[in-house]
Amino acid sequence: MPALVVVGAQWGDEGKGKIVHFLGRSADWVVRYQGGDNAGHTVVFDEQKYALHLIPSGILQTGVKNVIGDGVVVNPRAFVDEIKMLEKRRIKVRGRLFLSLAAHVILPYHVYLDTLREEGGRGIGTTKKGIGPCYEDKVARIGIRVADYLDAASLRVLVRQNLKVRAAELAKVKPLDEIEAEVFDGYEARRRFLARYAADTGLILDAARRKGARILLESAQGSMLDLDHGTYPFVTSSNPVAGGACVGAGVGPTTITGVMGVTKAYTTRVGLGPFPTEIEGAVARYLREVGKEYGVTTGRPRRIGWLDLPQLRAAIRMNGVTALTMTKLDTLSGVHPIKVCVGYKLGKKRMAQFPPARRAQLDVEPIYESFPGFSGDLMAARKFSDLPLGARRYALAVEKALGVPILIVSVGQSREQTIVRDTRRIWG
Ligand code: IMP
């Protein structure tokens, strides 16, 4: 049975939340496989707006079951708060959400360490949610997993050991016994809360797959923020690329039948780091305001740029993208001309590929092709043929240049504002 991975093809915020919610209609399970509450997925559903950080967007789709996989880092407080927020809004979560016992937990000292590093002069613009330090502990094999968190005695021992390891840095924040007390403040209630959701999610997913369930694997962040394949060191600490789905959900590569890459019709990024097609000025301000380009998690204004074909080709390659979704085509309406980066210049050299070296990523100059642009309100379009000719030409030119079909075009936040060009090919 099909298993589709939905990945961000740029630097995150491509609109994956909406697309996962949309495709969730034809899924039985939605699985989040990496990242933590650094993510921000905005989903508009029944005219209500939901900002999800940790819980898969499938939770808003009645009948869909959801998994937070082994590869995710979970802040227990954020987990409790997000479920309470959903329940307050009458979304049933119990029995529909399973939290991997192998996922690592983010504790208050991870947040302190993240903030210390960000403010210590060598920051990369993280979300300060403790993501990096938690993954560092995981790799150093001193991490604390959900299973450990549920066992009060083990947790106490592990937290004390870890606070000692981090003592030199944490001493700048507050005494270690105060930090330890923070970990355990309100702990018993949180422990009982998490215990209701904790499960061996690898086994659950395998059983579902054997019964023929359709599984949608949802990434957070974007390919260019991937720890191995992104614009290192200006990246997150996990693997948003499709390969990360197998690792972070505990499903084998042979299970995956399709990879849907999600790209905006232009580009944005938050945080520091290379961004070859970044623009400033009137067009950037226009796109930021019309496109509401402010971080869902941190509220930071997003950096804005033109679509970058070498960057997208890199994302298509590293993910094995089989189909694309183009979001926010409506936001480009009224922009004349629209530019698309078709290659780079580095000194006298011309390049067709996104360069791997950090210096080159910063120094390349984009070579642009211009499109005439289009006007009018695209938000009412429901078929590709409803779009203005200029918008269709733009999407088709991008599709041709990338060699991957754009099967879905999004022209607004709500589910209805989605144009599907060919349903049959989506799941691979
Ligand atoms: P961290 O994931 O908080 O460690 O931040 C590392 C980098 O990833 C920073 O540039 C963040 O701005 C970026 N980042 C993390 N989560 C998101 C997201 O959901 N959307 C866009 N950028 C993100």
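**Close-up views of a predicted model**

**View 1. A network of salt bridges links D13, K264, E293, R302 and K328.** The model is a predicted one. E293 counts as buried, at 0% relative accessibility. K328 is partly exposed, with a relative accessible area of 21%.

**View 2. E169 and R117 form a salt bridge.** Side chains of opposite charge can pair when their charged atoms come close. The closest N and O atoms of E169 and R117 are 3.2 Å apart. E169 belongs to helix α7 (residues 167–170) and R117 to helix α3 (residues 108–122), so this pair ties together parts that are 52 residues apart in sequence. E169 is partly exposed, with a relative accessible area of 24%. R117 is also partly exposed, and its relative accessible area is 27%.

**View 3. E180 and R156 form a salt bridge.** Their closest N and O atoms are 2.8 Å apart. The pair links distant parts of the chain, with E180 in helix α8 (residues 176–184) and R156 in helix α6 (residues 152–165), 24 residues apart. E180 is buried, with a relative accessible area of 12%, whereas R156 is partly exposed at 31%. The count for the model comes to 23 salt bridges.

**View 4. Positively charged residues gather in a patch on the surface.** The patch consists of K65, K84, K92, R94, R196 and K211. One of these, R94, is placed in the loop between α2 (76–88) and β7 (97–100). R94 is partly exposed, with a relative accessible area of 43%.

**View 5. R90 has a positive phi.** The value is near 65 degrees, in a residue other than glycine. R90 lies in the loop between α2 and β7. With a relative accessible area of 78%, R90 is exposed.

**View 6. E47 has a positive phi although it is not a glycine.** The angle is about 60 degrees. E47 is found in the loop between β3 (41–45) and β4 (48–52). E47 counts as exposed, at 81% relative accessibility.

**View 7. Three strands form an open sheet with antiparallel pairing.** Strands of a sheet pair through backbone hydrogen bonds, either parallel or antiparallel. The order here is β12-β14-β13. The edge strands are β12 (267–269) and β13 (278–279), and each of them pairs on one side only. Strand β12 and strand β14 (residues 303–305) run antiparallel and are joined by 3 bridges. R269 has R303 in β14 as its bridge partner.

**View 8. A cis peptide bond joins Y232 and P233.** Omega is about 5 degrees for this bond. P233 is placed in the loop between β10 (215–218) and α11 (242–249).

**View 9. A cis peptide bond joins H336 and P337.** Here omega is about -10 degrees. P337 lies in the loop between β16 (323–327) and β17 (338–346).

Notes. Residues are numbered from 1 along each chain as its sequence is written. This is a predicted model: local features need pLDDT of at least 70, side-chain atom pairs count only at pLDDT 80 or more; totals for chains, interfaces and linings use all residues. Side-chain values use heavy atoms; hydrogens and water are left out. Patches are made of residues with over 30% relative accessible area and no salt bridge: like charges are joined within 9 Å, nonpolar side chains (Val, Leu, Ile, Met, Phe, Trp, Tyr) within 5 Å. Accessible areas come from the Shrake-Rupley method with a 1.4 Å probe; for residues, only the protein chains shown count as cover. A salt bridge is a side-chain nitrogen of Lys or Arg within 4 Å of a carboxyl oxygen of Asp or Glu. Lys and Arg count as positive and Asp and Glu as negative; His and the chain ends are not counted. The place of a charge is taken as NZ of Lys, CZ of Arg, CG of Asp or CD of Glu. Helices (H or I, at least four residues) and strands (E, at least two) are DSSP runs, numbered from the N terminus. Buried means under 20% relative accessible area, exposed over 50%, partly exposed in between (1.4 Å probe, protein chains only). Two strands pair if DSSP finds at least two bridges between them.
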